[in-house]
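Me: I would like to go through the labels used for this structure and ask what stands behind each one. Could you walk me through them?

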2 protein chains.
Amino acid sequence: MSDVATTRRSRITPECEAELYAAVLDLLREVGYDAVTMDAVAARTRSSKATLYRQWGGKAELVVRAMRSQKPGGLADIDTGSLRGDLHAIAVREDDCAMEQNAALMRALAMAVHTNDDLRQAFKELLVEPEMEEFRRMVRRAVDRGEVRPDNPALEYLVHMLVGAFATRTLIDDLPPTRDFLLSYIDAVVLPALGVPLH
Amino acid sequence: MSDVATTRRSRITPECEAELYAAVLDLLREVGYDAVTMDAVAARTRSSKATLYRQWGGKAELVVRAMRSQKPGGLADIDTGSLRGDLHAIAVREDDCAMEQNAALMRALAMAVHTNDDLRQAFKELLVEPEMEEFRRMVRRAVDRGEVRPDNPALEYLVHMLVGAFATRTLIDDLPPTRDFLLSYIDAVVLPALGVPLH
């Protein structure tokens, strides 16, 4: 999917693409995934539906690529020399306002993933997998430095721990996730579970 | 809210109540919270809308009480003598099939909570708070037994850890939460974060 899509997408400028993605996310926030239609996207962005289908293949890929465009720089750029430093750098990538907006979009999408097979596939292929791969690389560096034992059973749950805290904060505490919450959770839960000392 | 509701609910038999709750959950699964109406519940259960409103006050309380009726026995009955025993007992309360169905219902409700104030209030008051209180009691016993230090910073995140794993399992791994997954997660993440040795 991605090679073909890269070729297709190269036909529009980065500026137009950013504008179109922003419009898609506005729509997603306003009406939810199921009610977003290619017609509505075309109308909102003054594009032709044919162009949209040619460039993105369909709604699922368009929405997931729009989500991905919102993500602050990939984890690949983060390498502070310690696992704690890397995880803290992830937590402060976004300011609290961006984090809250992102959480709302992720909720909307996470729900829709369960009832739309093509969305689930695009979500997995374009969002979850690349991010998991970056986490694996980050963890491998920590193991190589001797910070984490290679057989620590919490290693395979790193993303569950992080995404879980992010996802449940609002539900449990009626508060949006914030940088301070994530930093505190990383020090209280994630690092101790991995056996990494805090100092 | 709950005192009044208890008085009101006593007018119907437990059998009728169980049947009505099952019908409400069927509807919730079929059409989602926003599309569930008191008209539809009345039609499905051959009740009058007036009765429904008199007994439950409104849709939010009816749906949350229906959800609560599905939960296997409260945590209050669990007291195995160790925190690991208690957490494992929670993980095996439901079989995998019930757990998957519950996860789907919780997802539907968790989404709707963000856009319905009355649902959020009922959800918090009737589901989250009572459960949190039971968790606090379980943790207090573990602290009293000397299993967990009273100032362990992970204590306040116990529910985030557990609900987080439950909620993210499907999203990250494309697999439903199961007993084995929860047991493994408790031993790999929750107990080490709390400083509880596994043996």
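**Labels and their cut-offs**

Reply: Happy to! Let's start with B:Asp86, which counts as buried because its relative accessibility is 0%, where buried means under 20% relative accessible area, exposed over 50% and partly exposed in between (1.4 Å probe, protein chains only). This is a predicted model, in which local features need pLDDT of at least 70 and side-chain atom pairs count only at pLDDT 80 or more, while totals for chains, interfaces and linings use all residues. Residues are numbered from 1 along each chain as its sequence is written, chains are lettered from A and ligands numbered from 1 in the order in which they are written, and side-chain values use heavy atoms, with hydrogens and water left out.

Me: What is B:Asp86 in contact with, leaving aside its neighbours within four places in sequence?

Reply: Its partners, by heavy atoms within 4.5 Å, are B:Ile78, B:Asp79, B:Thr80, B:Gly81, B:Met138, B:Arg141 and B:Arg145. B:Asp86 itself sits in helix α6 (residues 83-91) of chain B; helices (H or I, at least four residues) and strands (E, at least two) are DSSP runs, numbered from the N terminus.

Me: Why is B:Glu147 called partly exposed?

Reply: B:Glu147 has 22% relative accessibility, so it falls in the partly exposed class. Its place is the loop between α8 (117-144) and α9 (158-173) of chain B.

Me: What makes the pair B:Glu147 and B:Arg145 a polar contact?

Reply: Their side chains are joined at 2.8 Å. The rule asks for a pair of N or O atoms within 3.5 Å; within protein, one must be able to donate a hydrogen and the other to accept it, and residues adjacent in sequence count only if both atoms are side-chain atoms.

Me: How do you know that the two copies are related as by a two-fold rotation axis?

Reply: A rotation of 180° with 0.0 Å of shift along its axis superposes chain A on chain B, with RMSD 0.0 Å, and the copies are therefore related as by a two-fold axis. The superposition is by least squares on the C-alpha atoms of residues with pLDDT of at least 70 in both. A:Gly164 comes closest to the axis of the residues of chain A, at 1.7 Å (C-alpha).
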